[in-house]
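Me: I am new to this structure and would like to go through it slowly, one question at a time. Please show it first.

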Amino acid sequence: MNLKYLFLFQLILLSLAHNQGKSVKLSKKQAHHKHHKSQKFLDSIMDVNEDSIELLLQKHENFYLAEMTVGTPEQKLTVLIDTGSPNLLLTSSLCQQNSCIQHGSYNPSLSTTSYYIEAIKLANGEVGNEIDIQFASGSVVGVFFEDRVCLNQYCVNNQFIVGIVEQTEDIFSQMKFDGILGLGRIKEAVVKNASYIHNLEYDTDTRNFSLYLSNSEDDDMSSELVLGGISQHLIAPGEEFKFFDVTSDNLWTINIKAVFLGDERIDDCNNCQGLIDSGTSFISFPVYAMEKFYQKFGVYQLCSNIDSFPDLTFILDRGIKFTLTGSQYFKRNTHALFSKDICIPYIKNNPIIGDELIVLGQPFLIHHYVWFDEDQSKIGIVKSKQPSHQS
């Protein structure tokens, strides 16, 4: 069972009430920012690589999205950018439930390049013609297609697609996107050729990529996905990437040695793993760590006290620390039924993740620029540049 899929949509429901940020149409920017590519050792980055593909992302509520076209002629769909899963999962026209038809959907019958896969050998070794994906609060059933898929002008012919044909009504009717573009590690994929970025034929290595998430309304600080490089202008002044071994063949996980809330250690890990997950709206801890957090804060705080909140510090390999301030791991309530001076933590517990997995979702990624290196099995993290109005 894919742990990521179990976890993702439970958190989607918790995040629907929060509407922030500016939507920016997906586009390829002119090459006026320097793009760099990861070296094979831990502490430096190579010179300019002008062939990198730089794409802007839309922000809708707590989701970071891209416009994608599928088929011939092109069908436009909006997909969630998700480093926690590797597959391309799309709502299909074969699903006639209300939760499907209110979204955009992939219609294979309208595409001259669509191919229905009657049976395929899955990554688990079984042969099947559909897949049942279980989520924490529901499920989807998908069948398999191949078709032409493009992000902007960057296209893959015969891209593997999981087309949703059935899904849990009450959950997926609230989704603000039409599918998921997985950027996760390829070994977790349904089949070996499932990853769009691995299939992309281009004059740079798109298997490796960087991701910057922003809450900013400033066009120069929009969220970016860079395939095959990084954008130097997104790195905070004076900061450098620190590189860490990826600890799983299936997920973008790194070692977490300890977690502190101020001076108090809140983890109890012998071998905690941190999942870098752009598809999750929160930082998620095991239940025992959240008990310590709630003992400190309860479920909310007055925003007027936010400057006095202790730092939340993650200690990784070699004792390297990454810290979030109180204003970075709490958010101002936007629900009309409650006071605007109530701040709610960006932190949740989830019993599904077990006792040794910590999900470093959007609150972490908003303040850290991350390089994902499939070739070298490395993750690079650096403090990201923030506009003056973004905490």
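Reply: A contact here means heavy atoms within 4.5 Å. This is a predicted model, in which local features need pLDDT of at least 70, side-chain atom pairs count only at pLDDT 80 or more, and totals for chains, interfaces and linings use all residues. Residues are numbered from 1 along each chain as its sequence is written, and side-chain values use heavy atoms, with hydrogens and water left out.

Me: Among contacts between residues at least 6 apart in sequence, what percentage join residues at least 24 apart?
Reply: The count takes in contacts in the protein between residues at least 6 apart in sequence. The share of these that join residues at least 24 apart is 70%.

Me: Which strands stand at the edges of the open sheet of 3 strands?
Reply: Two strands pair if DSSP finds at least two bridges between them. The sheet has the order β23-β27-β26, with antiparallel pairing. Each edge strand has a single partner strand, so one side of each is left without a neighbour in the sheet, and these strands are β23 (301-302) and β26 (330-332).

Me: Which residue in β25 is the bridge partner of L312?
Reply: Strand β24 (residues 312-316) pairs with β25 in the antiparallel sense over 4 bridges, and the two form a hairpin with 4 residues between them. In β25, the bridge partner of L312 is L324.
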